[in-house]
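Me: I would like to go through this structure step by step. Could we begin with how its helices are arranged?

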Amino acid sequence: MKILIVEDEANIARFVALELQHEGYETKSVADGREALEEATKNDYDLIILDVMLPSLNGIEVLRRLRQVKQTPVIILTARDQIVDKVAGLDLGANDYMTKPFAIEELLARIRVNIKKQMQQDRNVLTYGKLKVDAESHVVTYGSDAIDLTKKEFDLLVYLLSNRNVVISREQALDAVWGFDFYGNTNVVDVYIRYLRSKIDDAYGVTVIRTVRGSGYVIRD
Ligand code: CA
């Protein structure tokens, strides 16, 4: 488990890092807002502890920009009198907050809870590059854009994504998505592939669904 600590007060940063390492977490500490955003965007962390008052870019701004590309769990650290930061942070998608000064046990407990929550969510999410499909909430996004899919388009996409690298024939897709009692033509699969491509591949200039001539369709890694 990797945790990014963003805190410009060296004493707090050092103390938190030591405690987290003691608990078995791998940590990286940065003291500057811009650096934090770059680090959090470039590398994957299981959680980020983010102080609000930071040099170059404040924590709220770091969070706002990070959320345009990533959903890494974030616990923001605010000073006791900064209720505004707390509210703004939660509005922007912070998962939790702690008011300084805080008890380390409390922070450790919240880290555990938030990492666990994220893992449960991740289990339902299928991703392909910037494409994210939440099988539970049925929300489909490309980067920060929401993609509106019909039920059948969604089911077909989930089926292809869950069978990544496997060429799916029209008959298989028909059985899986439309059911055995569907008495139509397998052309319906081609039609829905076209819908998906126009909403995803064409809209974002990417190739997600590939055609395998004479066999069917596949999403390849
Ligand atoms: Ca600070």
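Me: At what angle do the axes of helix α7 and helix α8 cross?
Reply: This is a predicted model. In this model, the axes of α7 (residues 170-178) and α8 (residues 187-199) cross at roughly 80 degrees and come within 9 Å.

Me: Which residues make the contact?
Reply: From α7, the contact involves Arg170, Ala173, Leu174 and Trp178; from α8, it involves Val188, Val189, Asp190 and Tyr192. Six of the contact residues are nonpolar, two are charged and none is polar.

Me: Which residues of α7 are buried?
Reply: Ala173, Leu174, Val177 and Trp178 are buried in α7.

Me: Why do they line one face of the helix?
Reply: Viewed down the axis of α7, the buried residues fall within an arc of 100 degrees, so they line one face of the helix.

Me: And what covers them?
Reply: The cover over the buried residues of α7 includes α6 (151-162) and α8.

Me: What follows α7?
Reply: Gly179 follows α7, and the phi of Gly179 is positive, near 95 degrees.

Me: Changing topic: how many aromatic pairs are there?
Reply: The count comes to three aromatic pairs. One of them is formed by Tyr142 and Tyr204, which are stacked, with 4.2 Å from centre to centre and 15 degrees between the planes.

Me: Where in the chain are Tyr142 and Tyr204?
Reply: Tyr142 is in strand β8 (residues 140-142) and Tyr204 is in helix α9 (residues 201-204). The pair links distant parts of the chain, 62 residues apart.

Me: Is Tyr142 buried or exposed?
Reply: Tyr142 has a relative accessible area of 13%, so it is buried. Tyr204, at 26% relative accessibility, counts as partly exposed.

Me: Why is the pair of Trp178 and Tyr192 edge-to-face?
Reply: Planes over 60 degrees apart count as edge-to-face. The planes of Trp178 and Tyr192 are at 70 degrees, with the ring centres 5.2 Å apart, so this pair is edge-to-face.

Me: What does that pair tie together?
Reply: Trp178 lies in α7 and Tyr192 in α8, so the pair ties together parts that are 14 residues apart in sequence. Both Trp178 and Tyr192 are buried.

Me: Which residues form one aromatic cluster?
Reply: Trp178, Tyr192 and Tyr195 form one aromatic cluster.

Conventions
Residues are numbered from 1 along each chain as its sequence is written. This is a predicted model: local features need pLDDT of at least 70, side-chain atom pairs count only at pLDDT 80 or more; totals for chains, interfaces and linings use all residues. Side-chain values use heavy atoms; hydrogens and water are left out. Axes are lines fitted to C-alpha atoms, for helices over the stretch in contact, and angles run from 0 to 180 degrees between N-to-C directions. Helices (H or I, at least four residues) and strands (E, at least two) are DSSP runs, numbered from the N terminus. Contact means heavy atoms within 4.5 Å. Ala, Val, Leu, Ile, Met, Phe, Trp, Tyr, Cys and Pro count as nonpolar, Asp, Glu, Lys and Arg as charged, and the others, Gly among them, as polar. Buried means under 20% relative accessible area, exposed over 50%, partly exposed in between (1.4 Å probe, protein chains only). The arc is that of the directions from the helix axis to the C-beta atoms. Rings of Phe, Tyr and Trp (its six-membered ring) pair if their centres lie within 6.5 Å; planes under 30 degrees apart count as stacked, over 60 as edge-to-face and the rest as tilted.
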